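I am opening a notebook on this model. I will write down each thing I look up, in the order I look it up.

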Amino acid sequence: MNDEMLPVTLDDPMQFNCSPDNPCFNQCCRDLNQALTPYDVLRMKNAVNLTSGQFLQKYTSRHTGPGSGLPVLTFKPNPATGHACPFVTDSGCSIYSDRPGSCRMYPLARAIAKDRRTGENAEYFALIEEEHCKGFGGRGGKTVAQWLKGQDVVDYNTENDKILELISLKNQIRPGNLDGAEEDIFYTALYDLDNFKIQIQEKGLLDSLDLPAEYVENVVADDLSLLNFGIAWVKYQLFGKALQIQD
Ligand code: SF4
Ligand code: SF4
């Protein structure tokens, strides 16, 4: 059987049942080459109580996207384990409640496109039927929408869509490669949040901007605020957009 993509809507039945009883249990967590988003890294580094720098060094591999010049992160390749995810165990995922968005979506693929009439993002889904995955044809008794709700994927899609918009902006304003220093700004502000926080709090990164102290305190108060500021910072630093100061 070749891999197949079957477009589905949110109201379609999800003819899929993933279970530890399936003979393929954990196979989808091996032979990985999945891109990790900034929000994935944020959730995982907190789940394992590491700083972003420690997490990135221990678990991830960074390379530069061909054509975009943007940093792309994956789990560190480990041929000794057949490129298994570092968090897979015999009983399943050891960071299940903080697993990446792509793990939550599998075996669904999701694409977004702006609706020309409303200007809002519209979502499109397809089932990817891969040879190794034996969950197809199972009767989960759920619609696609219900299945997605069970994966608790909404926060991930919301945060990841902001990065897609940032990449789209980059492609409009700066097609082609970023230089190394620009790539580092992108990487630090989005992936290496604890280092970004140190640059703000201890190295005066924002001092020349004369931002209200209360605003800066809110920016560094939690990782999600910091990530959202990181997105605004990249737009400002690399793409010449005014720094949006939000309450
Ligand atoms: S994070 Fe968890 S669900 Fe995702 S590949 Fe690793 S073990 Fe599997
Ligand atoms: S390969 Fe498919 S059915 Fe098997 S554990 Fe992974 S997602 Fe579930």
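**Entry 1: helix H1.** I asked which residues of H1 are buried. I found Pro38, Tyr39, Asp40, Val41, Leu42, Arg43, Met44 and Lys45. That makes eight of the 10 residues of H1 buried, so this helix is largely enclosed by the rest of the structure. I keep in mind that this is a predicted model. Next I looked just past the helix. Asparagine 49 follows H1, and its phi is positive, near 55°.

**Entry 2: the whole chain.** I stepped back to the protein chain. I counted nine helices and eight strands in its secondary structure. The radius of gyration is 20 Å, close to the 18 Å from the globule rule for 247 residues, so the chain is as compact as a globular protein of that length. Along the principal axes, the C-alpha atoms fill a box of roughly 60 × 50 × 35 Å. I then checked burial: 22% of the 247 residues are buried. Last, I looked at contacts between residues at least 6 apart in sequence. Of these, 71% join residues at least 24 apart.

**Entry 3: two domains.** Where does the domain assignment place the domains of the protein chain? I read domain 1 as 4-158 and domain 2 as 176-239. Their centres, taken over C-alpha atoms, are separated by 27 Å. The contact takes 14 residues from domain 1 and 14 residues from domain 2. I asked which elements supply the domain 1 side. Helix H1 (38-47), helix H2 (52-59) and strand S4 (71-75) each give at least two residues to the side that touches domain 2. H1 gives the most, with five residues. By class, that side of domain 1 has eight nonpolar, six polar and no charged residues.

**Entry 4: the sheet with S4.** I followed S4 into its sheet. Three strands form an open sheet in the order S2-S4-S3, and the pairing is antiparallel. Strand S2 (35-36) and strand S3 (60-64) are the edge strands, each pairing on one side only. I took the S2 side of S4 to begin with. S2 and S4 pair in the antiparallel sense over two bridges. Leucine 36 has leucine 73 in S4 as its bridge partner. Then I took the S3 side. Five bridges join S3 to S4, and these strands run antiparallel. Here serine 61 has threonine 74 in S4 as its bridge partner. S3 and S4 form a hairpin, with six residues between them. In that turn, glycine 67 has a positive phi of about 90°.

Entry 5: I looked for proline 175. It is found in the loop between helix H5 (154-173) and helix H6 (180-190). Is proline 175 buried or exposed? It has 10 C-beta neighbours inside 10 Å and counts as exposed, since the cut-off for exposed is 12 or fewer. I also took a distance from this residue. Proline 175 and valine 219 are 44 residues apart in sequence and 29 Å apart in space, C-alpha to C-alpha. Moving on to H6, I noted its buried residues: Phe186, Thr188, Ala189 and Leu190. What covers them includes H1, S4, helix H7 (193-201) and helix H9 (223-239).

**Entry 6: ligand 1.** I listed the residues surrounding ligand 1. They are Cys29, Cys85, Phe87, Val88, Cys93, Ile95, Arg99, Pro100 and Cys103. This shell divides into eight nonpolar, no polar and one charged.

**Entry 7: ligand 2.** I repeated the search for ligand 2. Which residues surround this ligand? I found Cys18, Asn22, Cys24, Phe25, Gln27, Cys28, Tyr106, His132, Cys133, Lys134 and Gly135. By class, the shell around ligand 2 has six nonpolar, four polar and one charged.

Key:
Residues are numbered from 1 along each chain as its sequence is written. Chains are lettered from A and ligands numbered from 1 in the order in which they are written. This is a predicted model: local features need pLDDT of at least 70, side-chain atom pairs count only at pLDDT 80 or more; totals for chains, interfaces and linings use all residues. A residue is near a molecule or strand if its C-beta atom, placed from the backbone, lies within 6 Å of it. Ala, Val, Leu, Ile, Met, Phe, Trp, Tyr, Cys and Pro count as nonpolar, Asp, Glu, Lys and Arg as charged, and the others, Gly among them, as polar. Domain bounds come from an automatic or database domain assignment. Two residues are in contact if their C-beta atoms, placed from the backbone, lie within 7 Å. Helices (H or I, at least four residues) and strands (E, at least two) are DSSP runs, numbered from the N terminus. Two strands pair if DSSP finds at least two bridges between them. The radius of gyration is taken over C-alpha atoms; the globule rule is 2.2 Å times the number of residues to the power 0.38. A residue is buried if 20 or more other C-beta atoms lie within 10 Å of its own, exposed if 12 or fewer, and partly exposed in between; C-beta atoms are placed from the backbone.
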